[in-house]
Amino acid sequence: QVQLVESGGGLVQAGGSLRLSCAASGRTFSNYAMGWFRQAPGKERESVAAISWNAGSTYHADSVKGRFTISRDNAKNTVYLQMNSLEPEDTAVYYCAAGASGGSSYYTPRTQDRYIYWGQGTQVTVSS
């Protein structure tokens, strides 16, 4: 089992920044690829970013590319999502998730079914 706890969400004005953190406990963190997803009211959960087990590769959705950056610190068992130039459309509950590493430095899973463990989510609200 892996337990994931997100933090760092909140209310911010458009154009502002937030950094989300996801602390993992349980099994060896570096065994897992990590991802961030979000779900806005009335919408389906969508992939935002993903990172391979050793940060050798990252993925960012087109909607956040150039504004958000995923990173991880395996020594701290933590994955981050730096969010800059926030827009009202970024308002959502943000979830982190852990999935099998795939044994590859290039594996950045992008669909929910590739993830095994999920956090409870943290609310991000961007006001206009």
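**The disulfide and its setting**

Tutor: Of the 128 residues in the protein chain, 45% count as buried, where buried means under 20% relative accessible area, exposed over 50% and partly exposed in between, with a 1.4 Å probe and protein chains only. The model is predicted: local features need pLDDT of at least 70 and side-chain atom pairs count only at pLDDT 80 or more, whereas totals for chains, interfaces and linings use all residues. Residues are numbered from 1 along each chain as its sequence is written, and side-chain values use heavy atoms, with hydrogens and water left out.

The structure holds 1 disulfide, defined as a pair of cysteine sulfur atoms within 2.5 Å. In general, a disulfide is a covalent bond between the sulfur atoms of two cysteines. Here the partners are Cys 22 and Cys 96, with their sulfur atoms 1.9 Å apart. Distant parts of the chain are linked by this pair: Cys 22 belongs to strand E3 (residues 18–26) and Cys 96 to strand E9 (residues 92–100), 74 residues apart. The link of Cys 22 and Cys 96 is right-handed, with 45° about the S-S bond. Both Cys 22 and Cys 96 are buried.

As for the setting, the protein chain contains 11 strands and 0 helices; these are DSSP runs numbered from the N terminus, helices being H or I of at least four residues and strands E of at least two. Among contacts (heavy atoms within 4.5 Å) between residues at least 6 apart in sequence, 61% join residues at least 24 apart. The C-alpha trace spans about 40 × 30 × 25 Å along its principal axes.
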